[in-house]
Amino acid sequence: METIDEYVLRVLPSLEPRSAGRGDVADLRALYAAQVQSRHLDLAARWLQAQGRGHYTIGSAGHESNAALGLLSEVSDPALLHYRSGGLYAARSAKAGRDDGVRAVLLSLVSARSDPMSGGRHKVFGHPALSIIPQTSTIASHLPRAVGLGLGLGFAKQLGRHTAWPDDAVVICSFGDASANHSTALGALNAAAYLSHRGLPCPVLFVCEDNRIGISTASPHGWPGAMLEALPGVGYRAVEGHDPVGLLDRTAAALDEVRTTRRPSVLHLSTVRFLGHAGSDAEIAYRKQRQIEADYDQDPVVATARALVDAGAITGAEALAAYEDARSRVMEQAESVLSESGLQTRASVSAPLDLPAVTSVPARTGEGSRRTLAQAINATLAELLEEHPQTLVFGEDVGVKGGVYGVTRGLRKRFGGQRVFDTLLDEQTILGTALGTALAGFVPVPEIQYLAYLHNAEDQLRGEAATLAFFSNGQYRNGMVVRIAGLAYQRGFGGHFHNDNSVAVLRDIPGLVVAVPSHPADAPGLLRACHELARRGQVCVYLEPIARYHSRDLLEEGDGRWTAAPQAEGVIGPGELGVHGNGRDAVLVTFGNGTFLSLRAAETLRRRRIDVTVVDLRWIAPLPEAELAAVCAGFPHVVVVDETRHSGGVGEGVVSALVAAGHEGRISRVDSADSFIPLGPASETVLLSEADIVAAVLAGRPTEPLSR
């Protein structure tokens, strides 16, 4: 079967003028240059793979019509791109006057340490100088961020805040026709339509690059267009990628519409896909030869050459010469990157994930009534909003209502609806809003109403938030503090979705920081530390124990031991443990509700003449392993008190850390069952209890204490 490269070599020299040419010749020349550069980079990727040096072969061949977006948009328009965006990247690089566009892509293909975007960590289209924010291959996961960025640009203008982009910037977000069916894409498109309906700014141009197939599964004829055109309040234009004149006209009109109206729009770009899905994809296994070759007639490279020939700007022979000249330039660069070295140590690979140091600062006791956990968090949020005008607080019911549990009560009235606002009911959109507004220079503090509600949106943390610094070598960051009401032990209200004790999904995301405030005295310092980390680009989760929001007493009614005086200025940095008591018979290592239960259990044990120390981890990701080993040294018995599930719970990591540190005493663990949490009193059968803690300490009584 004739390859696409052989087809181009055969057809270009035979091109003759057919009719009077249309279109701007200068634009057509620039379009053709970007397209042939992109095509030869795809061919070079296959060559590099054959040399044993290339590691990525998903190409842009057939999609080079997206070069029109790079040519006609501004270099300062932020772009979040589909992985077949080689044409756009080439055109924008040329428009910016850069001469390193070819080499930058090749360095990425060979995972070179000198790759200017990822530093050798992944093949991505991205460059700070080109306003291209790198995206990886998670299906459509970047669309919620694009909506959030569009919204953030509007907020910044209204609030008088500076961003990295001009006030009239358009967010360009491209994706494939198969990805348009993904729930993440549908949620983002719905959110854009929702914002348009409300008259809120969302200057996003969604570009659906429709090659009519997702790997091997064909898109039903007409389906992507029918779905995209029906979005209320969202503009729609369809254009054929092999009609370069119409492509340039409609692309320019779409960009101008979004830039002028600040409303979202869709550019539905019909493309074809050459060279299969990727290098390992044998397309002939699921498509007939005649189907593959029929697509050659829609090759955007040949189509642009034909438009230039029709315009009398070049001959067919000159089009071929330009094509072959691009091949020579690309292959010369490809040969030169063979000697480039990649990342070679664990530390160098993970360097963008390193946690910045936050210095702990002792709290200063303020004036006023003692506060519950909910009140302490509310007061600290108000303080952060007051001191840091780039801070935004948002989520379901956080604005007018002030939160389901009153944690954000009064904040909207005090700081206004642009900084404290309600979102639509979609956790993917909530986190996408945080991702985008963070890029726009804000410090978002989104709320996920319940921990169980996070799970349908968790990829926005794993696949987007936590990876951005990694895949951009720290050049792009999206710091945020995600507040999540979670864990169990609610009385009179609950069931699985309101009492969720599964945090494993948060603890295995590289670079994600997770803090758990157990007591009102700790809540302000931990939240300030998370906010400081977020201002420095870190993604943090602040996991709030619902059952302790309104607790006041620890041991008996009226003791007030689960309240705290107002705390000012204090910061509790990552790694700083909370130590309660000084008993030497055993140490209880815990967090969250476990701290409350352990302190109650400690009182029961004291009455039995057993004195224990309670250690509150405070930070469950990353675990403060060195500090934990040091504080537990010399204790004859460590009881790990873990309110999460037996499998995948926090306790597993604590036990492993102590064993690895060579702890000499006994280590035991009590936790909750591997079960969902039922409604009502039956929940007590599967959750960790005070009695479990007491029993574990009694079972481990040593016959002879260890020396310190």
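Modeller: Fine. Keep in mind that this is a predicted model. A search of the whole structure finds 34 salt bridges.

Colleague: Why is the pair Glu-283 and Arg-287 called a salt bridge?

Modeller: Their side chains meet at 2.9 Å, N to O. The cut-off is 4 Å, so the pair qualifies.

Colleague: What makes Glu-283 count as buried?

Modeller: Buried means under 20% relative accessible area. Glu-283 has 9%, so the label holds. Arg-287 has 16%, so Arg-287 is buried as well.

Colleague: How do you know that Asp-281 and Arg-273 form a salt bridge?

Modeller: The N to O distance is 3.8 Å. The limit is 4 Å, so this pair counts. Both Asp-281 and Arg-273 are buried.

Colleague: What separates Arg-327 and Glu-324 along helix H12?

Modeller: About one helical turn, because they are 3 residues apart in that helix, residues 316-336. Glu-324 has 29% relative accessible area. That lies between 20% and 50%, so Glu-324 is called partly exposed. Elsewhere, salt bridges with shared partners join Arg-212, Arg-273, Asp-281, Glu-283, Arg-287 and Asp-295 into one network.

Colleague: Why does Arg-548 have no salt bridge?

Modeller: The nearest side chain of opposite charge, Glu-643, is 7.5 Å away, and the cut-off is 4 Å, so no bridge is counted.

Key: Residues numbered from 1 in each chain as written. Predicted model: local features only at pLDDT ≥ 70, side-chain atom pairs only at ≥ 80, totals over all residues. Heavy atoms only, no water. Buried < 20%, exposed > 50% of the residue type's maximum accessible area, 1.4 Å probe, protein only. Lys, Arg positive; Asp, Glu negative; His and termini not counted. Helix = DSSP H or I, 4+ residues; strand = E, 2+ residues; numbered from the N terminus.
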